Amino acid sequence: MQLPTYTAIWHVERRLYKIEDWVLPVPVSLLQVGVFAACAACWWVLLRLAGVGFGADTGWLYVVPPACAAWAAGRPVAEHKRPHELLVSQLRYLLAPKTLARLVTVTPPAASLVGARVWRPDHPSVWLGAPARDDSLR
């Protein structure tokens, strides 16, 4: 059974609708701007190292992959989570202890000591449910 949590209602996502006087065609979140900037910086360095120059025929190669990464960062993938949230929850699951048992280790001890006591009545007639006879009266 899953219990719903409402922590996401306190998280307000800020979006950019325009920059100066230029109105954006689609509202862009700050997360998407950050992902675009980080991916663009890494991608442009890789393109420069590969020897791909910026020109009219290769300009799209500099813009489209970081834009796709930024778009994907804002879309929920699974369980209503975005890719980075899903990755963090999966890492948290993998790094969590496999078993929690009252904060005690679950490995069995090398040796166990078991003790037992057997109760035996003083007279066999008590075992059979018969009333006990008193032999001292004879």
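How many residues does α1 have, and what distance does α1 reach from its first C-alpha to its last? In this predicted model, α1 has 21 residues and reaches 30 Å between those two atoms. At 1.5 Å a residue, the expected value is 30 Å, and the model comes close to it.

The overall layout can be stated briefly. The protein has four helices and two strands. Read along the sequence, they follow the pattern β-β-α-α-α-α. The protein has 138 residues, of which 12% count as buried. Among contacts between residues at least 6 apart in sequence, 25% join residues at least 24 apart.

Helix α1 was then examined for its buried residues. In α1, Gln32, Ala40 and Leu47 are buried. They cover an arc of only 65 degrees around the axis, which puts them on the same side of α1. On the other side of α1, the exposed residues are Cys42, Leu46 and Leu49. The buried residues of α1 have three packing partners: β1, β2 and α2. After α1 comes Gly51. The phi of Gly51 is positive, near 85 degrees.

Gln32 lies in helix α1. Is Gln32 buried or exposed? The cut-off for a buried residue is under 20% relative accessible area. Gln32 has 13% relative accessibility, so it counts as buried. Leaving out residues up to four places away in sequence, Gln32 touches Arg15, Pro27, Ala70, Trp71 and Gly74.

Helix α2 was treated in the same manner. It covers residues 59-73, which is 15 residues. At 1.5 Å a residue, α2 should span 21 Å. The C-alpha atoms at its ends are 22 Å apart, which agrees. Which residues of α2 are buried? They are Gly59, Tyr62, Pro66, Ala70 and Ala73. Seen down the axis of α2, these residues fall within an arc of 105 degrees, so they line one face of the helix. Trp60 and Trp71 are exposed on the other side of α2. The buried residues of α2 pack against two helices, α1 (30-50) and α3 (83-95).

Gln32 is a buried residue of α1, and Ala70 is a buried residue of α2. Trp71, in contrast, is exposed. Gln32 touches both Ala70 and Trp71.

Which element gives the most to the lining of this second largest pocket? The answer is α2, with four residues. At least two residues of the lining come from each of β2 (22-29), α1 and α2. By type, the lining of the second largest pocket divides into nine nonpolar residues, two polar and two charged.

Tyr17 is found in strand β1. The cut-off for an exposed residue is over 50%. Tyr17 counts as exposed, at 52% relative accessibility. Not counting residues up to four places away in sequence, Tyr17 touches Val23, Leu24 and Pro27. Pro27 is also among the residues that Gln32 touches. Tyr17 and Ser29 are twelve residues apart in sequence. In space, the C-alpha atoms of Tyr17 and Ser29 are 8.9 Å apart.

Where is Glu20 placed? It sits in the loop between β1 (15-19) and β2. Glu20 is exposed, with a relative accessible area of 70%. Its backbone was also checked. Most residues other than glycine have a negative phi. The phi of Glu20 is near 55 degrees, a positive value in a residue other than glycine.

Conventions: Residues are numbered from 1 along each chain as its sequence is written. This is a predicted model: local features need pLDDT of at least 70, side-chain atom pairs count only at pLDDT 80 or more; totals for chains, interfaces and linings use all residues. Side-chain values use heavy atoms; hydrogens and water are left out. The expected span of a helix is 1.5 Å times one less than its number of residues. Buried means under 20% relative accessible area, exposed over 50%, partly exposed in between (1.4 Å probe, protein chains only). The arc is that of the directions from the helix axis to the C-beta atoms. Contact means heavy atoms within 4.5 Å. Ala, Val, Leu, Ile, Met, Phe, Trp, Tyr, Cys and Pro count as nonpolar, Asp, Glu, Lys and Arg as charged, and the others, Gly among them, as polar.
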